[in-house]
Amino acid sequence: MKALVFTAKQHMEIEDIDEPALKPNEARIQTKYAGICGTDHALYNGLPGSADAVPPIVFGHENSGVVTEVGSEVTNVKVGDRVTVDPNIYCGQCFYCRTGRPELCDNLSAVGVTRNGGLEESFTAPSSNVYPIPDDVTFKEAATVEPISCAVHGMKLLHITPYQKALVIGDGFMGQLFVQLLQAYGCHQVDFAGIIDEKLALNKEKFNVQNTYNTTRDKIPADYDVVIEAVGLPQTQEQAIEATRKGAQVLMFGVGKPDAHFSMNTYEVYQKQLTIQGSFINPNAFEDSIALLQSGQLNVEPIISDELSLEEVEPVLQGKVQGISKAVVKVGD
């Protein structure tokens, strides 16, 4: 079968590879779409994602498709089901798994990171990680359930109430998801900061954003109860802290470089009684994410910028293609 294989740091090849053997607890999935995200950029450049990717491996931890075969122990999905896959596989035995924090698993593995994923015509996954999707959710939309679930996990780490004013910093795909999620979870006002005027305008027009700030020229007021940082750069992390009022919560969602640091005023953290929260991957968030798509509370179609073929993926990961906010790869018919 056709696959895009990560063969070495900063190198990929289209190859014809064998389908893997199916284990009793697994499902085989014919891929329809696979998403490309910042994790794939990091892995391509030899940086860690949720886990290390050791070549040769097939990326594609965001995906959708159709079940074509199930193992002898599988009862939750059947052949013909339209599905999406939670890539993260927890050991269930380490300290973090046994204390209800599986996202911190010491032995984390992942479809599309440590085992082959959706950038191939067919892949396998443990059936416990496979989720049926409703008929009114498209395969393209379903390929975004994994990033949605990461944002939903972040939301679950916060205490959200209707009185709060929220700010999202970062106009990439994840930031635009948070704009909609904050409203779905009940914040009465959501504002948006970024660097691309067209994205700021789109979210004001379509997704009920009240105020926008272009961070290259505008000053963000220190007026927010909830701030989501969805960039991962020291300057935007500092802006997130500075945009808070007393009692605020800051979600540091953007993925920074492993050696990056940012500074903050420690007295301000104390005096404002700030909560600064990290967020890692997506435990127990797929059902909520699918429901948000089905209900229409999340609309991802306007913020998917590009549909690619397998052959077009590597130039994107190399940074040779500009202007991509969110790309999905059409793998199967």
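Select Thr84 first: leaving aside neighbours within four places in sequence, Thr84 is in contact (heavy atoms within 4.5 Å) with Asn63, Ser64, Asn129, Val130, Tyr131, Ile133, Ala142, Val145, Phe286 and Ile290. This is a predicted model, where local features need pLDDT of at least 70, side-chain atom pairs count only at pLDDT 80 or more, and totals for chains, interfaces and linings use all residues. Residues are numbered from 1 along each chain as its sequence is written, and side-chain values use heavy atoms, with hydrogens and water left out.

Thr84 sits in strand β5, residues 82-85 (strands are DSSP E runs of at least two residues, helices H or I runs of at least four, numbered from the N terminus). Its relative accessibility is 1%, so Thr84 counts as buried (under 20% relative accessible area, 1.4 Å probe, protein chains only). Now show the backbone oxygen of Asn63: a polar atom of the Thr84 side chain is 2.8 Å away.

Next stop, Asn129, in the loop between β8 (122-126) and β9 (130-132). Asn129 is buried too, at 7% relative accessible area. Beyond four places in sequence, Asn129 touches Thr84, Val85, Asp86, Pro87, Asn88 and Ile89.

Finally, pick helices α4 (145-156) and α9 (286-295): their axes (lines fitted to C-alpha atoms over the stretch in contact, with angles from 0 to 180 degrees between N-to-C directions) come within 8 Å and cross at roughly 110°. The two are therefore roughly perpendicular (65 to 115 degrees). Where they meet, look for residues including Val145 and Ile148 in α4, and Phe286 and Ile290 in α9.

Key:
Buried < 20%, exposed > 50% of the residue type's maximum accessible area, 1.4 Å probe, protein only. Polar contact = N/O pair within 3.5 Å; in protein donor to acceptor, adjacent residues only side chain to side chain. Parallel < 35°, antiparallel > 145°, perpendicular 65-115°, else oblique.
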